[in-house]
Amino acid sequence: NRLLRHAGLLDTDSDSGVSEVPVPADDTPEVLNKALSGLSSRWKNWWVRGILTLAMISFFFIIIYLGPMVLMMIVLCVQIKCFHEIITIGYSVYHSYHLPWFRTLSWYFLLCVNYFFYGETVTDYFFTLVQREEPLRILSKYHRFISFALYLTGFCMFVLSLVKKHYRLQFYMFGWTHVTLLIVVTQSHLIIHNLFEGMIWFIVPISCVICNDIMAYMFGFFFGRTPLIKLSPKKTWEGFIGGLFATIVFGILLSYVMSGYRFFVCPVEFNNDSNSFTVDCKPSELFQLQDYGLPPVLQSITGWTTVKLYPFQIHSIALSAFASIMGPFGGFFASGFKRAFKIKDFANTIPGHGGIMDRFDCQYLMATFVNVYIASFIRGPNPSKVIQQLLALRPDQQLHIFNSLKAHLTEKGLLPALEEAA
Amino acid sequence: MNPLIQLTHQGSRLILPTGHSFATNFLSWLAFPGEGEGEMEGDSKADTPDVPPSTDNTPQCLNKALEGLSSRWKNWWIRGILSLTMIIGFFLIIYLGPIMLILVVMGVQIKCFHEIITIGYRVYHSYDLPWFRTLSWYFLICVNYFFYGETVADYFGALVQREEPLQFLVRYHRFISFALYLAGFCMFVLSLVKKHYRLQFYMFAWTHVTLLIVVTQSHLVIQNLFEGMIWFIVPISIVICNDIMAYLFGFFFGRTPLIKLSPKKTWEGFIGGFFATVVFSFFFAYLISQYQYFVCPVEYNSETNRFAVECEPSNLFMIQEYTLPAVVQNAVRCKTVNLYPFQIHSIALSTFASLIGPFGGFFASGFKRAFKIKDFADTIPGHGGIMDRFDCQYLMATFVHVYITSFIRGPNPSKVLQQLLVLQPEQQLSIFNTLRNHLREKGMLPPAVEEAQ
């Protein structure tokens, strides 16, 4: 029974007015059921989970192989499924099935927010493509205004749809929808941003979180003794710390392996001529081997004075530390949420594992962290976005900036002090 | 329950059913801005009790001065005096300048946040979760830090470059804000108590939605302010004017109800208010566009270390000639008319305020009905809480901000320069060349041979 998550540990809540959410029926595929019909139910469950885990990991590798376009599609689908799962829970909790407008409005808001975010991304990264096509250019110029107008329409429809006896329900669902959008859609948008920076910034964080999940479980299984937090009684301190060290080691090794391939390391660019995504570039300093002097302690142990590392591996230590220390808080948040609303799993999409959200609960904060990390420590602003802003300024402002830039470059010695040829 | 007159807990407020005489209609509006009702509708969730109303807090001096009058007129006078006081206060802080305005906006934001959170506490009886008050205020501080840090970094670029600790804070601003937020998130998870999970999640969501509504709006108000005080004054005045005009038109001509949510609103009031507001804003914009004090972007002068509002007014605030369409020409017998371009924009602003602004008011009415509260709070005697006064302004600030970024100004030059200086040298060089070619094309730079440094 240790293999079953959230095994029957639901606490009563002071707010007993809301009844339990009905558990969805078991939907293990028939083929698996037949193949495993011989085993007892405990081992059957273990096998189902194991097989599905392997299936998900293989699927992950396949879509990485298929390239950036497919990855973006998958992220979009996962986002839509997560949104659907959480909204369905809201409906079950509040018995809001008989408010038909609300389904429409929730999906409409999802569309609006996605339109806003993806429009900003398209404008930033596909600047030249957008400038060529006339309708796209107008859409991108007035993008914020159009998005705001679309959102306002949804807001007005919500106000007009308020029904006399259901005000509170409707406001609850409105709040629920907005918080879900805040959590799910912004995270997925940040994942896509990370992806554009280079697929390695997408693969390594997700792999670190998955590894931490598995390692923390293994360490807890073999050595677990001291409980970690009352919220999830199955988690132990031994699992937590063992998982931390194992994930850091895994992160270092994985980044070493990946940093050698341009496919992972290069920013995803849109090639205007071939109209497709390319990942071809000269790898930045982050992905070129450099010598690091070892501290004397390690020198005496290993007998080397320097070690060759990719700078990215140093960064991966930060990423895996975050995944191991903060990632679990995302998991505790989801556990608390499930206890609060008395549900076992978010949904029953993946047999043996629960819904998509159950798999992604530790990833919540990771995507935001990676994005903030990249923006703060790795890259500066996007050059094409800066050019775009420059060309939108007034001529006198452009001249002023031109002179400041010229002075700056001359100081740095990048421009000869005197005139250069035209 | 007496169907004719019901004295509620809140001092001398009156609820009167509609269909009575002139005076009672008048007074019922005064008692209940735009939303008179005989009773509160029932709700399907009967388990959540009524929010206990707060006590009357009319200042003693007003009470004494008006104790001779009957309670109906007393209420009317209180509302009138407070309205005048608020309008005078508005003018006073405009006179005192941008810094004062920013501080007042911050103060209003904190008070609105406090009001909404207090309602949440009452609805969910969350008084016995002491961590939650701390966490709500902590999240408010985090989000404010994030937004104001971004604003300071954008607008006070020169000041920031001078001071070393500020430079560090600005460079890693997003990371620091995120770390602060995460600390709050972890504290929330650690504070989950066995029997109160659901309450705590509700309050968490309530806090976040409130932050989303209140803090982002106030931040956008400040950004509008930096664009020029006129972008702050005109929208707010338009919304206030629309409120008053819609009421007056509804009072004198009102017949057809507008929406079930607010039975006091009428179509006549809505349409009359719309036209009156457009006309008002047209003239008001004309009046204000003449003064540099209102029209110039607020700049921070590095030398004197103060805010300065002095500049050469942009095209928007210089009188231009517009040819009238033929129809109007025959009517008015003038060929052209001298207008500020800003007056055309003010028509767009007032149209929005009249047509969409009321939806913000309906939203707030629905919210109050849903949670069975009469007012957000009792801060302003006769009017309710701060949120009651600002409910129609919700969407206006966002609209003005989006309008400015889409139609008026481009990006902020100092921000673009700041971004440029952070790029890699070869990227800077390539941008430099692109910019130089662009300027040469436009004739701003002499072609071929460069001028000497």
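In chain B, the side chains of B:E115 and B:K111 form a salt bridge in which the closest N and O atoms are 3.5 Å apart, a salt bridge being a side-chain nitrogen of Lys or Arg within 4 Å of a carboxyl oxygen of Asp or Glu. The structure is a predicted model, in which local features need pLDDT of at least 70 and side-chain atom pairs count only at pLDDT 80 or more, while totals for chains, interfaces and linings use all residues. Residues are numbered from 1 along each chain as its sequence is written, chains are lettered from A in the order in which they are written, and side-chain values use heavy atoms, with hydrogens and water left out.

Both B:E115 and B:K111 lie in helix α4 (residues 98-124) of chain B, 4 residues apart, which is about one turn of the helix; helices (H or I, at least four residues) and strands (E, at least two) are DSSP runs numbered from the N terminus. B:E115 is buried, with a relative accessible area of 2%, whereas B:K111 is partly exposed at 27%, where buried means under 20% relative accessible area, exposed over 50%, and partly exposed in between (1.4 Å probe, protein chains only). Side chains of opposite charge can pair when their charged atoms come close.

Over all chains, the count comes to 5 salt bridges. One of them joins B:R174 and B:E150, with an N to O distance of 3.4 Å, and this pair links distant parts of the chain, since B:R174 belongs to helix α8 and B:E150 to helix α5 (residues 130-155) of chain B, 24 residues apart. B:R174 is partly exposed, with a relative accessible area of 43%, and B:E150 also counts as partly exposed, at 21%. In chain A, the side chains of A:E120 and A:R144 meet in a salt bridge with an N to O distance of 3.4 Å. This pair, too, links distant parts of its chain, with A:E120 in helix α4 (residues 100-125) and A:R144 in helix α7 of chain A, 24 residues apart. A:R144 counts as partly exposed, at 38% relative accessibility.

A:S147 is found in helix α7 of chain A, where it counts as buried at 7% relative accessibility. Leaving aside residues up to four places away in sequence, A:S147 touches A:Y115 and A:F116, contact meaning heavy atoms within 4.5 Å. In chain B, B:S177 is placed in helix α8 (residues 173-190) and is buried at 7% relative accessibility; with the sequence neighbours up to four places away again not counted, B:S177 touches B:Y145 and B:F146.

Chain A contains 18 helices and 6 strands, and buried residues make up 48% of its 422 residues. According to an unreviewed UniProt entry, the annotation "transmembrane region" covers several spans of chain A, including residues 145-163 and 312-334; UniProt positions are given in the numbering used here, feature names are shortened, and annotations may be inferred rather than shown by experiment. Residues 145-163 of chain A are 84% helix and 0% strand, with end C-alpha atoms 30 Å apart, and residues 312-334 of chain A are 96% helix and 0% strand, with end C-alpha atoms 31 Å apart. For chain B, the spans listed by UniProt (unreviewed entry) under this annotation include residues 175-193 and 200-222. The span 175-193 of chain B is 84% helix and 0% strand, its end C-alpha atoms lying 30 Å apart, while the span 200-222 of chain B is 100% helix and 0% strand, with an end-to-end C-alpha distance of 32 Å.

The contact between the chains takes 82 residues from chain A and 83 residues from chain B. The area buried between chain A and chain B is about 8,300 Å², of which carbon and sulfur atoms give 76%; buried area is the accessible area (1.4 Å probe) that two parts lose on being put together, summed over both. A:R168, A:F333 and A:F402 supply 10% of the area that chain A buries against chain B, more than any other three residues. Between chain A and chain B the count is 0 salt bridges.
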